[in-house]
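Trainee: I would like a close look at one part of this model, the packing of a pair of helices. Please also place that part in its surroundings.

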Amino acid sequence: MTTVLLNRRGLLAAGGSVLATGILATGIPGLLLPARADGLAPTESMSGGANNYRKGAAIVERIGKGGFWMSGTVRRAGDGAPLAGQRIQIWAHTVEGQEHEPQSHGATLTDKDGKFRLEMPQIIPIFGQPHGHLAYDSGEFKTVFLRPVMRSAKETSLEAHFVLQPA
Amino acid sequence: MTGWRSARVILIWVALALALGVPVALAATSEQLAWRGPVYILAGFAGILALALVLVQPLLIGGYLAPLSAYRGRRAHHWIGGALVLAVVVHVAGLWITSPPDMIDALTYTSPTPFSPFGVTAMWAIFIVALLASLRRRLQLRPRTWRFIHMPLAIVIVLGSVVHCLLIEGTMETVSKAVLCAAVLAATIKVMIDLQVWRKRRTLRGESVVRQ
C-alpha cells in the first residue's frame, strides 16, 4: 500500500519538479532538454486548474486581509523572455472564503522582470489538498490554468510559473 | 474460561468503539471545520462514517462481535451495507454541492488529486455489491457464486477506501486515521483467512450454523 501511496505522491512531485526544471533549465536548454532545441516549452494547463474560475477578477493590492503570498513568473515560450504587465488571476479556498466566492478572487500584473506577487488570505485544504488556482486569460497568449499544491497546509506561500505561447 | 471470554468480548467492543469514536471525535475538533460550510462538513463526516462502516462489515461477517449470533451478524452486515451506500451518497452529493467541478473531475477520473480515483472506484464497488446483494435471491445466486463476486469487490472497497482516506489532507487527525485504516485492513485480512474465502466450499460458516 505504502508503495502505491508514495508512487502517486512521487509522481505528483516529479511532475512539479519537471515543471520547475523546465524553467530553471532555460539557460542551458540544449544540455538538459535536447529534444527542445527550439527553447523553453510552454506551460500546459493543469487538470482541475480552471475549477471555480470567475472571469474578470479585478486587479487588487491584496486579496482580503492577506497573510499568505502567491508568487511566480511569466515568460515567453521559446526564448524565455520575461513578460511584463501580464495579468494573472488568483483564487483559492482560504480562511476568508470558499473557492467559488468572489472575495476569494483577485488579479495582479507582472513587473518588468515578469514576476508577480500577490498577498491573499491563508490557503487551507479543500477537496483533500491545500492548493491554489492561477489563470492567464488575457487573450494575447494562449490561456493557461494552473493548480499548484502546497507541500504542507502550514506553508504561508506558494509559487506558480507560466511559460506562455502566442494565441 | 468464561471470565476470559466475556472479558474478550468487552475488549473487542471497547476497541471497536475507540477505533470508530476517536477518529470521529478528533475530526470534530479539527480547525479546518471553521473554514467549511455545513454541507461540506456533513459530506466529510459522511466519508469518515463510511470508512467506519467498512471496518464493521468484516467484523460482523466474521462473527467477531459476540454476543451477536452468526445469523444476526449477517443481518446486520446487510443493513450496514445499505447504510454504507447511504453514507457514500451523502459524501458524494455534499461534495458535489460544495464544488461541482471538483466532484465532476473526480467522478470522471480526471481529477488532479491522487486519492479521488481510489474513492470513486470503491464507491462503484460498493454500489455493485449493494445492488447484487439486493437482487441475490431474485438472481438465485448460489453462495459460492456470490462469494466469487463479493470477495474481489470487497477487496476493492477496502483497499480503495483506505488509500483514498490516507491520501486526503482534511479534517481527520493523521494517527487516528492511520489506526482506523490499519484496523480495516487487519479485520478484512483476518476474516478472509478465517473463512478461507478462496476455498471452494458450499457454505460459509454462518450458513451452516443457520442450518443446524
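Mentor: A crossing of two helices is called left-handed if the near helix is turned anticlockwise from the far one by less than a right angle, and right-handed if clockwise. With that in hand, we can turn to the pair, keeping in mind that this is a predicted model.

The pair consists of α5 (residues 116-134) of chain B and α6 (143-167) of chain B. Two packed helices are described by the angle between their axes and the distance between the axes. The axes of α5(B) and α6(B) come within 8 Å and cross at roughly 150°. Angles over 145 degrees count as roughly antiparallel, so α5(B) is roughly antiparallel to α6(B). The hand of this crossing is left-handed.

Now the residues that meet. From α5(B) the contact takes B:F118, B:G119, B:T121, B:A122, B:A125, B:I126, B:I128, B:V129 and B:L132. Facing them from α6(B) are B:I149, B:H150, B:L153, B:V156, B:I157, B:G160, B:S161, B:V163 and B:H164. Sorted by class, this contact holds twelve nonpolar and six polar residues, with no charged ones.

Next, the surroundings in the sequence. The UniProt record, an unreviewed entry, places "domain: Ferric oxidoreductase" at residues 46-160 of chain B. Over that stretch the chain is 78% helix and 0% strand, and its end C-alpha atoms are 16 Å apart.

α6(B) also takes part in the contact with chain A. That contact draws 20 residues from chain B and 23 residues from chain A. On the side of chain B, the elements giving two or more residues are α4 (100-107) and α6 (143-167). The largest share of that side, four residues, comes from α6(B). By class, the residues on the side of chain B divide into ten nonpolar, seven polar and three charged.

Strand β1 (residues 68-76) of chain A runs parallel to β7(A), and eight bridges join them. Within β7(A), A:S157 is the residue that stands opposite A:W69.

Notes:
Residues numbered from 1 in each chain as written. Chains lettered and ligands numbered in written order. Predicted model: local features only at pLDDT ≥ 70, side-chain atom pairs only at ≥ 80, totals over all residues. Contact = placed C-beta atoms within 7 Å. Nonpolar A, V, L, I, M, F, W, Y, C, P; charged D, E, K, R; others polar. UniProt positions renumbered as here; feature names shortened; annotations may be inferred. Pairing = 2+ DSSP bridges. Axes fitted to C-alpha atoms, helices over the stretch in contact; angles between N-to-C directions. Parallel < 35°, antiparallel > 145°, perpendicular 65-115°, else oblique.
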